[in-house]
Amino acid sequence: MPVPGKDKPRGRRAHTKAALLEAAAKVFVARGYEAASLDEIAATAGFTRGAIYSSFADKEDLFLAVVTGFNEKWISSFERALSQARQSGLASTSLETLWAEFAGSDEQQTRLMMEFRVVALRNRSVARRLAQFEKRTENAMAAIAQEHADAGLIKPSLPADELAVLLYA
């Protein structure tokens, strides 16, 4: 039986972290990584800079958490869009066409990903994270494509792993 109030600090911590991630996304999109300050991000979220350091090691860690969170949502959204397209009888829509329509549909996501690449050009540790991030994204996209191909819902023009690399590029 749960102890009353036991999960409140955990719940507050999760709420604070979510608010910081949301604020950081807004600030990184508006100002870019280099110009964004932790003070501005904290103020935008309604917290102090200390709240950031209680959840993230530094600005880079916060930035990478924002980008990763957006990408996970993006992949899930793409998978849902693909499933909905197939369920609504859009069998003639190719995976490539659906991806082309989907990929540019979220300006904030697009801007964050571009910023991620710019930061990676200047920062080796971010460049390593970008390479890992892109590989995970390509693997997730390949799995989605393969699952739909195995179910006979799509007929990809290339093997799923090659298609994922091409689409993501």
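Contact here means heavy atoms within 4.5 Å. Helices (H or I, at least four residues) and strands (E, at least two) are DSSP runs numbered from the N terminus.

This is a predicted model, in which local features need pLDDT of at least 70 and side-chain atom pairs count only at pLDDT 80 or more, while totals for chains, interfaces and linings use all residues. Residues are numbered from 1 along each chain as its sequence is written, and side-chain values use heavy atoms, with hydrogens and water left out.

View 1. Let's start with the overall picture. Along the sequence the pattern reads α-α-α-α-α-α-α-α. Of the 169 residues in the protein, 37% are buried (under 20% relative accessible area with a 1.4 Å probe, protein chains only; exposed is over 50% and partly exposed in between). Among contacts with a separation of 6 or more, 62% join residues 24 or more positions apart.

**View 2. The largest nonpolar core, with 45 residues.** A nonpolar core is a set of buried Ala, Val, Leu, Ile, Met, Phe, Trp, Tyr and Cys residues joined through side-chain atoms within 4.5 Å. Phe28, Ile41, Leu62 and Phe116 touch the most other members of this core. At least two residues each come from helix H1 (8-31), helix H2 (38-45), helix H3 (49-55), helix H4 (59-87), helix H6 (107-122), H7 and helix H8 (160-168). H4 gives the largest share, 10 residues.

**View 3. Helix H6 against helix H7.** The H6 and H7 axes come within 6 Å and cross at roughly 135° (axes are lines fitted to C-alpha atoms, for helices over the stretch in contact, and angles run from 0 to 180 degrees between N-to-C directions). That makes H6 oblique to H7; angles under 35 degrees count as roughly parallel, over 145 as roughly antiparallel, 65 to 115 as roughly perpendicular and the rest as oblique. The crossing is left-handed, a term for a near helix turned anticlockwise from the far one by less than a right angle, with right-handed used if clockwise. On the H6 side look for Met113, Phe116, Arg117, Val119, Ala120 and Arg122, which meet Arg124, Val126, Ala127, Arg129, Leu130, Phe133 and Glu134 in H7. Beyond its neighbours within four places in sequence, Phe116 is in contact with Phe63, Leu64, Val67, Val126, Arg129, Leu130 and Phe133.

**View 4. Glutamine 109 in helix H6.** With a relative accessible area of 1%, glutamine 109 is buried. Setting aside neighbours within four places in sequence, its contacts are Phe70, Asn71 and Trp74.

**View 5. Helix H7 from end to end.** H7 has 27 residues and reaches 39 Å from its first C-alpha to its last, close to the 39 Å expected at 1.5 Å a residue (that is, 1.5 Å times one less than the number of residues). Its buried residues include Val126, Leu130, Thr137 and His148. Just after H7, glycine 152 takes a positive phi of about 75°.

View 6. Methionine 141 is found in H7 (residues 124-150) and counts as buried at 4% relative accessibility. Its C-alpha atom is separated by 8.7 Å from that of leucine 167, 26 residues apart along the chain. The axes of H7 and H8 come within 8 Å and cross at roughly 125°, which makes H7 oblique to H8. This crossing is right-handed. Residues making the contact include Phe133, Met141 and Ala145 of H7, and Ala164, Leu167 and Tyr168 of H8.
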